[in-house]
Amino acid sequence: MLAGYGVLFLVNKSLSSQARVQAHEQMVGRVREQLLNGRATHKGAAGLQQVLTQIVTPGLLVWVGLEEGKTYKLPQPDGSFALSAPLNKLISVADTKAQSQATPREFQLGSNVYVTSSLPIQLQGSPAQLRFIEDFSVNAEQERTAQLLLLATAGLATLFTGLLLRPIIRNGLRPLETLSDRLEGVSTESLGQQRIPLERQPPELVPIASAFNALLDRLNHSWERQRSFVNGVSHELRTPITLIGGYASRLRRGSVALDAEQQQQLGFIEAESQRMAHLVTDLLDLARSDAGKLRLEIMAIDPFDCLTHVCDRLQRHAGDRLKLDPGAGSGAEGPNHLAMGDAKRLEQCLANLIENALKYAPAPTPITLRLGVTPEDLMLHVVDQGPGVSDADKPSIFERFKRGTSAGETAGSGIGLAVVDTLMRGMGGSVSVADAPGGGADFRLTLKRSGAPASTPGKA
């Protein structure tokens, strides 16, 4: 719209200039007819002046220039000439514009607008130039006023049109906003239910919504197959892995004919079977969470007891590297230090974090466990002195199969931290990581505080 008004402004300016030139040409044409009909040029300057006096008007300056350089100044009617510029300067500029030009030329001097031209004549048999300067300043001022009004009208019209179109455009874009909100709400948990109703969509969006629904159907089918595969394989692996670990442990403890190397090899088998069983458990938890079948016993629990139990249970496996902060339980006595959660699952989360720290923190650096208390939350810390987690990895470190850049060649599946995140969210808490003082990582499990002692378990 603004471009259209701009074009209209330029066209109007060009037409106004052409109109002034045409008006000047008509005046010069009348002078030419009078000169030809009256043969005034044969009578010299006096005859020419007699003809021009009947034609010229205030605002028109006429003079005659001869080839020899002689100039005749022709007086104007009633002695008036409405030109504000000094005549010498005006004539000098007009002389430059009109010299050797038969076509009228428009020029501007100061704020005034003029049109000048020259007419070849024979004055008493000698070639001469009849020069004209016509003042169109009043006309140009009126034109500028009209142009300003046009610009003001264009601005007001654009503003009014914008205000008028705004609700129309907003209503037109509302279906797109609704569609965008629905797309953002799609997640793995809602693949089977989240669909875009086609009957509520404008005709233009029906093909897009239909194609998206078909894509969701394909994704849901693929996701269900993947989830069934993981769940089935995990269940199938659980029993043989448990048997392998149990037989290896029994053989190692009950046989006296084995040498030290064979005892060590059986110990490796037992440890790896335990690791595999732990991995299968994590996969089952993820599969159950995806299916909405993850069961948690939510009740008021003592996080400090969980820290103590995990520390005692994993101390030998950790080579006495676990250090329970002496002040971990300070300020957290009585029912006010209880938190809402699942004690068994919380210990599973702590074990995952401790095993993760044992992988990346160099021996024999300690891994410190402690409990922090705030008015709203209880926070369990697992602090190591390893390479830490870079700022770039922190937002995605708890995603499935995502490993940090500091992992290097360290073995790992990339699901341990994802399981911790899944379980903590299931308990209404969260997991995060920060930089530990002096280097390393500080993994934090946060649970909401409970003001009452443990009560009847609930399902989540």
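Isoleucine 168 lies in helix H4 (residues 137-184), where helices (H or I, at least four residues) and strands (E, at least two) are DSSP runs numbered from the N terminus. Isoleucine 168 is exposed, with a relative accessible area of 51%; buried means under 20% relative accessible area, exposed over 50% and partly exposed in between (1.4 Å probe, protein chains only). The model is predicted: local features need pLDDT of at least 70 and side-chain atom pairs count only at pLDDT 80 or more, while totals for chains, interfaces and linings use all residues. Residues are numbered from 1 along each chain as its sequence is written, and side-chain values use heavy atoms, with hydrogens and water left out.

Ile168 also belongs to a nonpolar surface patch of about 660 Å², together with Phe160, Leu164, Leu165, Ile169, Leu173 and Leu176. Patches consist of residues with over 30% relative accessible area and no salt bridge, nonpolar side chains (Val, Leu, Ile, Met, Phe, Trp, Tyr) being joined within 5 Å and like charges within 9 Å.

Helix H6 (residues 260-290) has 31 residues, and its end C-alpha atoms are 45 Å apart, in agreement with the span of 45 Å that 1.5 Å a residue should give. Among the buried residues of H6 are Leu266, Glu270, Val280 and Asp290. Glycine 292, with a positive phi near 75°, follows H6.

The table describes the protein as a whole.

| Property | Value |
|---|---|
| Secondary structure | 9 helices and 13 strands |
| Buried residues | 38% of the 460 residues |

Key:
Areas by Shrake-Rupley, 256 points an atom, 1.4 Å probe, with all protein chains shown as cover. Salt bridge = Lys/Arg side-chain N within 4 Å of Asp/Glu carboxyl O. Expected span 1.5 Å × (residues − 1).
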